[in-house]
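Please walk me through this structure.

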Amino acid sequence: MDDKEKKIMAEEKLTSKQLLGELLQKHYAEAMEAKAQGKPVVWSTSIAPQELLEAMDLTVVYPENHAAAVASRKDAPQFIDKSEGDGYSADICSYARVNIGYADLQHSEAQDIPMPDLIFCCSNICCTVIKWYENLAKKLNVPLIMMDAPFNSSYEVREDNINFLEAQLKDAIRQLEAFTGREMDYDKLKDIMKTSNETAKWWVEATNMAMHNPSPLSGFDMFNYMAMIVCMRGKKDGARLFKLWYDELKEKAEQGKGPWKDDSEEKYRILWDGIPCWHSLGPCYKILKKNGINMVTSTYPESWAIFYEPGDLHDMARAYDAIYTQRNVEYAADRFIKLAGAFNVDGAIFHSNRS
């Protein structure tokens, strides 16, 4: 058996949780190495059109991912204190306050990321990111590429909104070409769009396994895996991870196994509105599990279920303006009801979360 075969066999024995840890470690290590080698690093919002950056071979890190990791490991207060000390209000997004503080202190015991040479922002995830990323670019004196995704006041995604965002995608490509000194390889972009579709497909397939009763999936595991749908949607490793996770969950469901290793009974199923308080994941998980409550779905993870026709920028613009944060109240209410029905939930949790 040669070394390549041994490596393949070793990889096949990995659980998805182990692979998740390895890929996260690889993601941050490669970013730090790229910076050390003088290669440009991009800071990007979490649901920006990463396909453009991947096609230009740029190294990308995601401040929202990093802030969540820092908070979950109890290292956020120093960065929040720093940003608030500089005049940022305690009422604004915690992701922003952590990241803005990190841009000054530039070290966390939880996880470091390299400083950016380019800021890449799409407002579809929330309007806060516009001023947050503008301020970062000004503070760090680096260029900013901004895509302002318009809100859909109508039930369906509006054609004029799609045209508006498509024009910005094309302008972002021109700015990336100027930044890198290279032209966009549209064949490569199309291939990356195919990979992104595949990754999103397996993300949806895996998270939808929680429709089974009992669910083989704990929703708090879903929040952990969510880090990878943010940073590896356009990479083949992302598709490989979520396919492996799906296979594991499918096997558990077929065996009638529930979400917890100790075989505790899943008595109640809930829908979680939005994302968790990262610094309190443990206490939230424990109190719910103690009472037999499993969070089987959330309004948030579906945001990365972004599908389009590969190579079609117009359809790509539609997909990026179609996520639920860009939709009107009627659409959001219908979607919430559909999730509650599809996952057969007994209730929902709404909570205050400054993010």
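Which exposed residues does the face of α12 turned away from its buried side carry? They are Pro283, Lys286, Ile287 and Lys290. Keep in mind that this model is predicted.

Now turn to the other side of the helix. α12 spans residues 281-290, and its buried residues are Leu281, Leu288 and Lys289. Seen down the axis of α12, these buried residues fall within an arc of 95°, so they line one face of the helix. That buried set has several packing partners. Among the helices, it packs against α4 (63-72) and α10 (219-231). Among the strands, it packs against β5 (268-272), β6 (293-298) and β7 (347-349). After α12 comes Gly292. The phi of Gly292 is positive, near 70°.

A search of the whole structure finds one cavity of 30 Å³ or more. The largest cavity holds about 30 Å³ of space. Its lining includes Leu288 and Lys289, both buried residues of α12. Tyr285 also lines the cavity, as do Ser218, Phe220, Trp260, Ile293, Asn294 and Met295. α12 and β6 each supply at least two residues of this lining.

Finally, visit another helix. Asp187 sits in α9, which covers residues 186-207. Is Asp187 buried or exposed? Asp187 is exposed, because its relative accessible area is 60%, and exposed means over 50%. Asp187 and Gly311 are 124 residues apart along the chain, yet their C-alpha atoms are separated by 7.8 Å.

Key. Residues numbered from 1 in each chain as written. Predicted model: local features only at pLDDT ≥ 70, side-chain atom pairs only at ≥ 80, totals over all residues. Heavy atoms only, no water. Buried < 20%, exposed > 50% of the residue type's maximum accessible area, 1.4 Å probe, protein only. Helix = DSSP H or I, 4+ residues; strand = E, 2+ residues; numbered from the N terminus. Arc of directions from axis to C-beta. Contact = heavy atoms within 4.5 Å. 1 Å grid on protein atoms, 1.4 Å probe; cavity = no way out; pocket = protein on both sides within 12 Å on 5 of 7 lines; lining within 4 Å. Points joined across faces, edges and corners; volume = space filled by probe spheres on them.
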